[in-house]
Amino acid sequence: MHILPMIGAAASLVDDFFQTAITPEHFVSSRCYVLEKLESACRDLPPPQQQPDPETDPSAPSTSLKIRDANACIAAALAHSLATQIFLLRADEGDSSTVRAERPTKHPLALVEQLSEAVAAVPLDTHAATMMVWPAFVLGCESMAVSARRYEVEALFEKIVDKQKLLNISVALKMLRENVWTGGVAYIVSPARSLSPAEEPCRYTQNQWVKMCWKERLQLCSA
């Protein structure tokens, strides 16, 4: 089972849910299916390899580099799966329409700790680091503004921005700084025009970051 197709399935499912294209019951049942597939994909990942000992293995330098890159790819794949599971679990945060439905057994906070370890296991000088925007962003959304992890994520993003120079990375960091790490975001329109019912200002809690990002059309699942 490949992880990337399930990330796309998760993004489409959440989009359908927010657009009310599907019922809350359909969302909950489909979420369980996608979560199971993501968990299965994690179990199918090979375990990290041990680095060779340079004192006993003359080919250690070249072999060690290959193993390091392979381990980084494994950690990156795990991070993407964990980030997407958290994304799915947070999607209906604060939504009363799914309260009566059976909840997934996993809690986002338990997955966040695993995600933090997986992100840390991907060195910035490996190829896998170029694919870490999505996991790092989710980790940032799950980090409190005054926590040590918030500053670790911020430093990581700054290094990725400096290395890759991609606009979507800068936008993601800006979103974290201005919206997520400020305790929520209020959507306010110009006072020069009146508000329609759909445009009424609203504020989301940090746990509702999935809805907030959807509102802002920030799409990083494939980044």
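How are helix 5 and helix 6 oriented to each other, roughly parallel or roughly antiparallel? Point 5 takes this up, after some notes on the chain as a whole.

1. The model is a predicted one. Its chain has 223 residues, and 43% of them count as buried. The secondary structure consists of eight helices and zero strands. Along the sequence the pattern is therefore written α-α-α-α-α-α-α-α.

2. Helix 1 covers residues 3-18, which is 16 residues. From its first C-alpha to its last it reaches 23 Å, close to the 22 Å expected at 1.5 Å a residue. The buried residues of helix 1 are Ile3, Met6, Ile7, Ala10, Leu13, Val14, Phe17 and Phe18. Seen down the helix axis, these buried residues fall within an arc of 125°, so they line one face of helix 1. Leu4 and Pro5 are exposed, on the other side of helix 1.

3. Threonine 20 follows helix 1 and is found in the loop between helix 1 and helix 2. Its phi is near 55°, a positive value in a residue other than glycine. Most residues other than glycine have a negative phi, which is the reason to look at this one. Is threonine 20 buried or exposed? Its relative accessibility is 66%, so threonine 20 counts as exposed; the cut-off for that word is over 50%.

4. Aromatic rings come next. A pair of such rings is described by the distance of the centres and the angle of the planes. A search of the whole structure finds six aromatic pairs. One of them joins phenylalanine 17 and phenylalanine 27, with 4.2 Å from centre to centre and 15° between the planes, and this pair is stacked. It links distant parts of the chain: phenylalanine 17 belongs to helix 1 and phenylalanine 27 to helix 2 (residues 24-44), ten residues apart. Phenylalanine 17 counts as buried because its relative accessibility is 7%. For phenylalanine 27 the value is 0%, so this residue counts as buried too. A second pair consists of phenylalanine 137 and tryptophan 209; the ring centres are 6.3 Å apart and the planes stand at 85°, so the pair is edge-to-face. Here the link runs from phenylalanine 137 in helix 5 (residues 133-141) to tryptophan 209 in helix 8 (residues 209-215), 72 residues apart. Both phenylalanine 137 and tryptophan 209 are buried. There is also one aromatic cluster, formed by Phe17, Phe18, Phe27 and Trp214.

5. Back to the opening question. Helix 5 and helix 6 (residues 148-164) pack with their axes 9 Å apart, at an angle of about 150°. Angles over 145 degrees count as roughly antiparallel, and helix 5 and helix 6 are therefore roughly antiparallel to each other. Helix 5 passes helix 6 in a left-handed crossing.

6. Helix 6 also meets helix 7 (residues 167-178): their axes come within 9 Å and cross at roughly 160°. That angle makes helix 6 roughly antiparallel to helix 7. The crossing of helix 6 and helix 7 is left-handed.

Conventions: Residues numbered from 1 in each chain as written. Predicted model: local features only at pLDDT ≥ 70, side-chain atom pairs only at ≥ 80, totals over all residues. Heavy atoms only, no water. Helix = DSSP H or I, 4+ residues; strand = E, 2+ residues; numbered from the N terminus. Expected span 1.5 Å × (residues − 1). Buried < 20%, exposed > 50% of the residue type's maximum accessible area, 1.4 Å probe, protein only. Arc of directions from axis to C-beta. Phe/Tyr/Trp six-rings, centres within 6.5 Å; stacked < 30°, edge-to-face > 60°. Axes fitted to C-alpha atoms, helices over the stretch in contact; angles between N-to-C directions. Parallel < 35°, antiparallel > 145°, perpendicular 65-115°, else oblique. Left-handed = near helix turned anticlockwise from the far one by under 90°.
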